Amino acid sequence: MDVIKQRMTEELTGVKKLALGPLVVPESVVVTWGIMILLVGLSILLTRRLREEKPGKAQLVLEWFVSFINGFAQESLGEHGKLFAPYLGTIGLYIACANLSGLVGVTPPTKDLNVTAALSLMSMFLIYGSSFYFKGLKGGLHKFVEPMPLLLPINLMEVAIRPLSLCMRLFGNVLGSFVIMELIKILAPLIIPIPFSLYFDVFDGMIQTIVFVFLTTLFVAETIE
Amino acid sequence: MLVAIGAAVAVFTGVGAGIGIGIATGKAAESIARQPEAAGQINKALLLGCALAEATAIYGFVVSLALMFMQ
């Protein structure tokens, strides 16, 4: 019990830092660099030889994915969908890779509260920025007194609560599955963790990605409607 | 000792989330049976509802972890 408690305390309190020469950076940043290299490399590699006739297998998969993101954005945001699709696709790809990175043995970056806080702050700026962009200063401010002026304090509280809940939801889910996986690995290190890992790492990670992107889209759709 | 009891009480938020998600999923299954062509829309609403309901359980879990390990 003491061993478990000590390991959990280590995992939860300390953000692991790696020393790269004179630089000391958190582990989540290093893993994020890895994800960036992977995604940028894949993007360059897969879009090098795009053909209009007789597309290859990779191009077909790519086209399916891009049209899926575009269709999703257009379906939920209407005519403005095209503008938001690149951001939603990017953030979805990043969170998916981050959640799945537990499979290759590194700590998922989304287990770091700072990463999810940054992601949810980006979502907050997107939500309220698009509100002011599409409605103008007056229309954007008027959104705070809808449907009636009495609700102004609640609408103001929402500015803080929305990113907080986005941030804590992603962090809590990844941390929760991480802790449960660690406990299972301590109790039964052989074979038994595999099905649990499929559920907690793959299934739960994908669901949380969809939920994050979907909630961001929904909030944006609500402010620009 | 009191810390452990506090953590246990905090993790009790999972009860509410479990009941909520159970009811939502049951209703979704019912409505898909009644109207299979609206399955896509129903799934979307269900996913959103589950995410929001699940958040309370996650908050309780985070609080209990903080109580147990982050003193």
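The lining of the largest pocket in this predicted model divides by class into 18 nonpolar and six polar residues, with no charged residues. The volume of this pocket comes to about 660 Å³, and of the 24 residues that line it, those closest to its centre are A:Leu39, A:Ser43, A:Leu62, A:Phe65 and A:Leu93. Three elements of chain A each give two or more residues to the lining, namely helix 2 (27–46), helix 3 (57–77) and helix 4 (81–100). Among these contributions, the largest share, nine residues, is that of helix 2 of chain A.

To place these helices in their chain, one can turn to the secondary structure of chain A, which holds seven helices and two strands. Read from the N terminus on, the elements follow the order α-β-β-α-α-α-α-α-α, and the C-alpha trace of chain A spans about 60 × 55 × 40 Å along its principal axes.

The next topic is the interface with chain B, where 20 residues of chain A are in contact with 15 residues of chain B. The area buried between chain A and chain B is about 1700 Å², and carbon and sulfur atoms give 77% of this area. As for polar interactions, the rule finds two residue pairs in polar contact across the interface of chain A and chain B, both at pLDDT 80 or more. On the side of chain A that touches chain B, the elements that give two or more residues are helix 1 (2–13), helix 6 (152–187) and helix 7 (193–224) of chain A. Helix 6 of chain A supplies the largest share of that side, eight residues, and the residues of the side as a whole divide into 10 nonpolar, seven polar and three charged.

What remains is the matter of salt bridges, of which the count over all chains comes to three. B:Lys44 belongs to helix 3 (residues 39–69) of chain B, whereas A:Glu75 belongs to helix 3 of chain A, and therefore this pair joins two chains. The side chains of B:Lys44 and A:Glu75 meet in a salt bridge at 2.7 Å, N to O, and the count between chain A and chain B is one salt bridge.

Key. Residues numbered from 1 in each chain as written. Chains lettered and ligands numbered in written order. Predicted model: local features only at pLDDT ≥ 70, side-chain atom pairs only at ≥ 80, totals over all residues. Heavy atoms only, no water. Contact = heavy atoms within 4.5 Å. Buried area = accessible area lost by both parts, 1.4 Å probe. Salt bridge = Lys/Arg side-chain N within 4 Å of Asp/Glu carboxyl O. Polar contact = N/O pair within 3.5 Å; in protein donor to acceptor, adjacent residues only side chain to side chain. Helix = DSSP H or I, 4+ residues; strand = E, 2+ residues; numbered from the N terminus. Nonpolar A, V, L, I, M, F, W, Y, C, P; charged D, E, K, R; others polar. 1 Å grid on protein atoms, 1.4 Å probe; cavity = no way out; pocket = protein on both sides within 12 Å on 5 of 7 lines; lining within 4 Å. Points joined across faces, edges and corners; volume = space filled by probe spheres on them.
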